[in-house]
Amino acid sequence: GMDEVLKIRKRMWRHNRQKINGTIYGVDLNRNYDDGFGGLGSSDDPTAENYHGPHAFSEPETQAMRDFLGYTAKNGTVVPSKLGLVNNVLGTISYHSYGELL
């Protein structure tokens with residue numbers, strides 16, 4: 001049953017479910033934004049739990065946030081969102097945890 005699956009498989013899943021290749025799945029979405037992309041705390045190894053993806057905004061989830069909220073690119077170009085929110089959003093909060101605590 002499920003108890004046996006949880007004993008065998010890794011329970012602390014950090015990635016989305018995008019197939020990378022073969023049996024490797026996912027990108028750590030918190031490390032897939034362009035600010036600090038590829039920096040400390042991330043990895044370019046697809047098998048690592050902190051894999052940042054092939055490039056910033058490579059994943060549909062981070063693309064959706066970028067397109068919805070708008071953003072300022074590294075070169076300083078302001079890219080407005082499809083809703084024109086770029087100057088109205090002060091920040092976002094991403095709730096996630098890495099533990100078995102409740």
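This note comments on a predicted model of a protein, point by point.

1. Confidence. The mean pLDDT of the protein is 77, and 61% of its residues reach 70 or more. Among the elements, strand β1 (residues 19-21) has the highest mean pLDDT, at 89, whereas helix α1 (residues 2-8) has the lowest, at 47. Over residues 1-6 the pLDDT stays under 50, and for this stretch the model has one contact beyond four places in sequence.

2. Overall organisation. The secondary structure consists of two helices and four strands. Read from the N terminus, these elements follow the order α-β-β-α-β-β. Of the contacts between residues at least 6 apart in sequence, 37% join residues at least 24 apart.

3. Burial and surface. The protein has 102 residues, of which 22% are buried. Its accessible surface comes to about 7600 Å², and carbon and sulfur atoms account for 54% of that area.

4. The loop between β2 and α2. Several of the residues discussed below belong to this loop. H52 lies there, between β2 (24-25) and α2 (60-69). N32 has its place in the loop between β2 and α2, and F57 is likewise found in the loop between β2 and α2.

5. N32. The relative accessible area of N32 is 0%, so this residue counts as buried. Its side chain makes a polar contact with the side chain of S58, at 3.0 Å. Leaving aside residues up to four places away in sequence, N32 touches V27, F37, H52, G53, H55, A56, F57, S58, E59 and T62.

6. H52. With a relative accessible area of 8%, H52 falls under the 20% limit and is therefore buried. Not counting residues up to four places away in sequence, H52 is in contact with V27, R31, N32, F37, G38, S42, S43 and D44.

7. The aromatic pair. The count of aromatic pairs comes to one. The pair is formed by Y33 and F57 in an edge-to-face arrangement, with 5.9 Å from centre to centre and 85° between the planes. Both partners, Y33 and F57, are in the loop between β2 and α2, and they stand 24 residues apart, so that the pair links distant parts of the chain. As to accessibility, Y33 counts as partly exposed because its relative accessibility is 31%. F57, by contrast, is buried, with a relative accessible area of 8%.

8. Further features of F57. Which charged end sits over the ring of F57? It is that of R66, 5.0 Å from the ring centre. The backbone of F57 also deserves a remark: F57 has a positive phi of about 60° although it is not a glycine.

9. The charged end of R17 sits over the ring of Y25, and the distance to the ring centre is 4.7 Å.

Key. Residues are numbered from 1 along each chain as its sequence is written. This is a predicted model: local features need pLDDT of at least 70, side-chain atom pairs count only at pLDDT 80 or more; totals for chains, interfaces and linings use all residues. Side-chain values use heavy atoms; hydrogens and water are left out. Buried means under 20% relative accessible area, exposed over 50%, partly exposed in between (1.4 Å probe, protein chains only). Contact means heavy atoms within 4.5 Å. pLDDT is the predictor's confidence in each residue, from 0 to 100. Rings of Phe, Tyr and Trp (its six-membered ring) pair if their centres lie within 6.5 Å; planes under 30 degrees apart count as stacked, over 60 as edge-to-face and the rest as tilted. A charge sits over a ring if NZ of Lys or CZ of Arg is within 6 Å of the ring centre and within 35 degrees of the ring normal. Accessible areas come from the Shrake-Rupley method with a 1.4 Å probe; for residues, only the protein chains shown count as cover. A polar contact is a pair of N or O atoms within 3.5 Å; within protein, one must be able to donate a hydrogen and the other to accept it, and residues adjacent in sequence count only if both atoms are side-chain atoms.
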